[in-house]
Amino acid sequence: MEFRILDKIDSPSDLKSLTIRQLETLCEEIREYMIECCATNPGHLGASLGSVELAVALHYVLNTPEDKIVWDVGHQAYAHKIITGRRELFRLNRKKDGLSGFPKMSESPYDSFGAGHASTSVSAALGLATAAKLEGKDTKVVAVLGDGAFSGGLAYEGMNNAGAAGTDLLVILNDNQIAIDENVGAMHNYLLKMSTSKTYNSMKNKVWGFLGNGWLRRKIQKVVASTKNYFFKHSTVFSGLGFRYFGIIDGNNISDLVNTLNRIKGLKGPKLLHIRTVKGKGYKPAEENQSVWHAPGKFDIETGERVRPEKAPLKYQNIFGRTVVKLAEKDERIVGITPAMLSGGQLSDMMKAFPERTFDVGIAEEHAVTFSAGLAANGLLPFCNIYSSFLQRGFDQIIHDVALQNLKVIFTIDRAGLVGEDGATHQGAFDLAYLRFIPNLTEMAPIDEIEMQDMIWSATQDDYTGPITIRYPRGNCQGLELPEDFHKIEKGKAVKLRQGTEVAVLSIGTIGNQVTKAIEMLGDDAAKVSHYNMRFLRPLDADAVMEAASSHKAIVTVEDGCLAGGLYGAVCETLAAKGINCRIKGLGIPDKFIEQGTVTQQLKECGLDAESVCKAIQFFF
C-alpha cells in the first residue's frame, strides 16, 4: 500500500513543514500502516491506535530528540516508533533481531527511557528534567502517562516529588478509561466524572470558545481556572500535588493538541495536560472490543476476524482459572486478587462466578501483595495471581508483609520462564532465584497441567502453611486429559520419571518436557539417563539430589529461570554441604537479558531446547 505522506517521514524534522490538514492525513496513514503491519505481525494495537495524534503532535511541537518524551509502558508508542526513523523496521516489531515492542534507549535516540512496566514515566521524566536543569539546558521533558498507570503508586511518588520541587515538567494524562481490562479504583472514577460532567464541559467550551486564542485568553486564564473549580472541582488532586492542570481536550484532534502544546510548552514548572483518547481509534473492531484488541493476535483487516486455530488447546491460564473456581465453590475462604491482569491471568473466571470475592486492584503490584496479606491475616485464603516479571515489584512486600508473618498467601505466578515477543521487560527469568532464599516460603512448579491443578489444590490443604508460590508459563498445556479428582502432592518431594544408569537430569517446571524430548532423541542411549521432576525448589528434595549424585556419574540441572540462584545453585549447595564431589552442569537462562523473539527461538538461544539439552547430556557419556 502506498502512503502519500508517511512514506516521506523519516524523522520528526520531516513533520515541521506539514500543515494541520496534512498532519490529519498523516495520522490516518499511520493508523492504516499500523493495522496493516499488526494484522500479520501481532502487537499491542489498541492503545497505539488511540495515541497516534498525540505522538505526531509531540514530535511536531517539540525539538526531539533534544527534548525528551517518556512513554509509560510503551503500549502507546507505535506511532512514535514509526515517525522516528523506524517505519520499515516496524514490520519486524517484536521479532527476533527486530524492534522491541517497547521503548528502548539502545534502539533509538528518540527513546528517552525504556519501559515495559507501568507507572514509571513521571519518575524517569523527573530525573531527565532535573539532569537537564543541572546541566543548564532548556530541555523540554514530557511524560506520557496512560490513565491505567494512575493506579500505580510510583506515578504518585513521582508527581509528589516533581510538584514539591517545582520542576519544569509536562505530564500528559492519556485518558481512555481502559488499560487491558476496564480500569478500576477511585482515581478512575474521579477521571470519569471529570470527562463526563456536562456542567464542567459546557462551561469550559463556552469560556474558551469566547476567549479564542488571543491575548484576552492569556490574560483571563486565572479567571477560567477559578470558574472551572467553582463549577466542578476537577483539578484539586493535581493542584494539590503542585501541578498546573490543563484540560480536558480531545486527544484525537491533532489541531487541538498542537495548539494546546504550543501554548503551554513555554510555561515553567510542573504541568499536567489531561486528554481524552479512544483506545482502538480508527478501526471499528478495536473500538468496539477494547480489551480483546489490546493485543489481538493476527486478524483479517477487512472483516476484523481474529485468526485462531479451529480448536484452541487449553492454556495454563485456563487451568488456573477453572481450578480456583472449582475450589472456591467448596471453600468460602478462597478469594482472588490480581493487579490489573484479570483476563490475562484468567482470574476473570473467578470474577464471573464470585464477583464479591474477586479483587482487581489496578496496576499496583505492591498493594496486591500486602492486600493479600491483610486478607490472610483475617482468616481468608487469598490467591494472588500475578505475572512473574510484575511480582518483582512486590518483592519487599513478599518478605516483610507475607513471609515474615508466615501468612498463607498462594501466589500463582503466570508468565514464568521465557515469554516470547514481549521480550526482556517481561521475561519470567528471576522468580525461582529471588524467592528461593525467603524463609517460610514454599516454592513449586508443575511439569504439566495435571500436576498444576493438583498443586493448586494441595496448596489449600492444612499441611501447606505460610506463603506458597506456583509458577507456570505462558501458553498451551501438554494436551493431557484432566482427571476430575485432585491428588495430593507431598510437600518437598520430587518424582523420578525414569531410571537410568549414568546421567541424572534434574528439572523443575514445564521445561521438563524439553528434557523428555531430549532423552527420546538419544535412542538406545536413553537407558543411560534418569530424569527427576523436582517439583519443589523450596523445600528442595535433598534425598533425591543425594540419590542422583550417588548412583550416577554426572548431574544435569534444567530450569527456565536464571541459572544463578535457582535449581542449579540449590543442587550445588546441597552437594557442597554434604561434602559430595560430583560432576554437574546447569542449564538455564544465562546471565543476560533475553530479547524479543518466539519462545522456540529463545529456548534455543538459552540452550534449553530439546536438541541443546540432548547435547548437554551426551557430553557425559
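Trainee: In which strand is the place of R471?

Mentor: This is a predicted model, in which local features need pLDDT of at least 70, side-chain atom pairs count only at pLDDT 80 or more, and totals for chains, interfaces and linings use all residues. Residues are numbered from 1 along each chain as its sequence is written, and side-chain values use heavy atoms, with hydrogens and water left out. Helices (H or I, at least four residues) and strands (E, at least two) are DSSP runs numbered from the N terminus. On that basis, R471 belongs to residues 468–471, which form strand β11.

Trainee: Is R471 buried or exposed?

Mentor: The term buried means under 20% relative accessible area, exposed means over 50%, and partly exposed lies in between (1.4 Å probe, protein chains only). R471 has a relative accessible area of 5%, and it is therefore buried.

Trainee: Which residues of the largest nonpolar core touch the most other members?

Mentor: A nonpolar core is a set of buried Ala, Val, Leu, Ile, Met, Phe, Trp, Tyr and Cys residues joined through side-chain atoms within 4.5 Å. The largest has 53 residues, and those touching the most other members are I30, M34 and L58.

Trainee: Which helix gives the most to this core?

Mentor: The greatest share, ten residues, comes from residues 20–40, that is, helix α1.

Trainee: How many residues of helix α3 are buried?

Mentor: Helix α3 spans residues 52–61 and is mostly covered. The buried residues include E53 and H59, as well as L58. The count for α3 is ten of ten.

Trainee: With which residues is V258 in contact, leaving aside its neighbours within four places in sequence?

Mentor: V258 lies in helix α12 (residues 254–264) and is buried, with a relative accessible area of 3%. Taking contact as heavy atoms within 4.5 Å, the partners of V258 are I20, L23, A57, Y60 and V61.

Trainee: Why are α5 and α6 described as roughly parallel?

Mentor: Axes are lines fitted to C-alpha atoms, for helices over the stretch in contact, and angles run from 0 to 180 degrees between N-to-C directions. Under 35 degrees counts as roughly parallel, over 145 as roughly antiparallel, 65 to 115 as roughly perpendicular and the rest as oblique. Helix α5 (residues 121–134) and helix α6 (residues 153–165) have axes 7 Å apart and pack at an angle of about 30°. The two helices are therefore roughly parallel.

Trainee: Which residues in α5 meet α6?

Mentor: On the α6 side, the residues are L154, A155, G158, M159, N161 and A162. Those in α5 are V122, S123 and L126.
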